[in-house]
Amino acid sequence: MKLYEHPFSSAAFKCRAVVHELGLPVTLVTVDLMKGEHKAPEFLAKNPNGKVPTLVDDDGFCVWESNAILCYLAAKKPESGLLPTDARGMAQVQQWLQWQATTFALSTGEVMSETIYAKFFNRSKDEAKYAAGLEKVRRDLALLETTLTGREFLGGKLTLADFSIVSGLFLRTPMGVDLEAFPNVKAWVNRMESRESVRKSLPPL
Ligand SMILES: N[C@@H](CCC(=O)N[C@@H](CS)C(=O)NCC(=O)O)C(=O)O
């Protein structure tokens, strides 16, 4: 399998972490977003959205959308328990994956846009947009804080949900997101970042 990705993409980060967690034979292929490699016809044939991450299996089968890639990878090793097969376990993981895509990715994305991307593309930070984004991130962190009360992981046991959601926080320092007011979240992030699979997936900052 090949994972087309970028070191600073949070969506790619979670896929790399699950690849390492499962010990799957996946070759990482960096796509040069600055050169527009993701908009080249040969890449669009794999993912018509022109985005990373994109997974291509050995027979050419393609999967895009990071949370779908996580499910595909976990299905290769069902014994890992990262994607439970019972109705409730599976529904809970799907609930968090969809919350990540529809809610947390948006709030963290607003903050990233006014910090990391603003710096990268040499534009000034819009303080009002940043403050509004940060408020939404704090709203989401409060939800995670309550969920993590008395729990090591979001669903009790380690699942794809933890990898998917923690990916929004690996750039928290340059984003200016402080976890001090969220001790359960802080402990969970530390727990996740102490895993070898996650450490190996962090970009050189
Ligand atoms: N919802 C998608 C988001 C993918 C995404 O937005 N990828 C970014 C990098 S984090 C990208 O490829 N951007 C290039 C572009 O949109 O031109 C996922 O979770 O995979």
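**Briefing: overall build, charges and cysteines**

In this predicted model, the mean positions of the 25 positive charges (Lys and Arg) and the 24 negative charges (Asp and Glu) of the protein chain lie 1 Å apart, where His and the chain ends are not counted and each charge is placed at NZ of Lys, CZ of Arg, CG of Asp or CD of Glu. Because the model is predicted, local features need pLDDT of at least 70 and side-chain atom pairs count only at pLDDT 80 or more, while totals for chains, interfaces and linings use all residues. Residues are numbered from 1 along each chain as its sequence is written, and side-chain values use heavy atoms, with hydrogens and water left out.

Fold and dimensions
- The protein chain holds 10 helices and 4 strands, taken as DSSP runs (H or I of at least four residues, and E of at least two), and from the N terminus their order is β-α-β-α-β-β-α-α-α-α-α-α-α-α.
- The C-alpha atoms occupy a box of roughly 45 × 45 × 25 Å along the principal axes.
- The radius of gyration of the protein chain is 17 Å, which agrees with the value near 17 Å for a compact globule of 205 residues, the rule being 2.2 Å times the number of residues to the power 0.38, with the radius taken over C-alpha atoms.

Burial and contacts
- Of the 205 residues, 45% count as buried, meaning under 20% relative accessible area with a 1.4 Å probe and protein chains only.
- Among contacts (heavy atoms within 4.5 Å) between residues at least 6 apart in sequence, 66% join residues at least 24 apart.

Cysteines
- The whole structure contains 0 disulfides, a disulfide being a pair of cysteine sulfur atoms within 2.5 Å.
- Cys15 is in no disulfide, and the nearest cysteine sulfur, that of Cys71, is 10 Å away.
- Cys15 is buried at 0% relative accessible area, and Cys71 also counts as buried, at 15%.

Notes: Buried means under 20% relative accessible area, exposed over 50%, partly exposed in between (1.4 Å probe, protein chains only).
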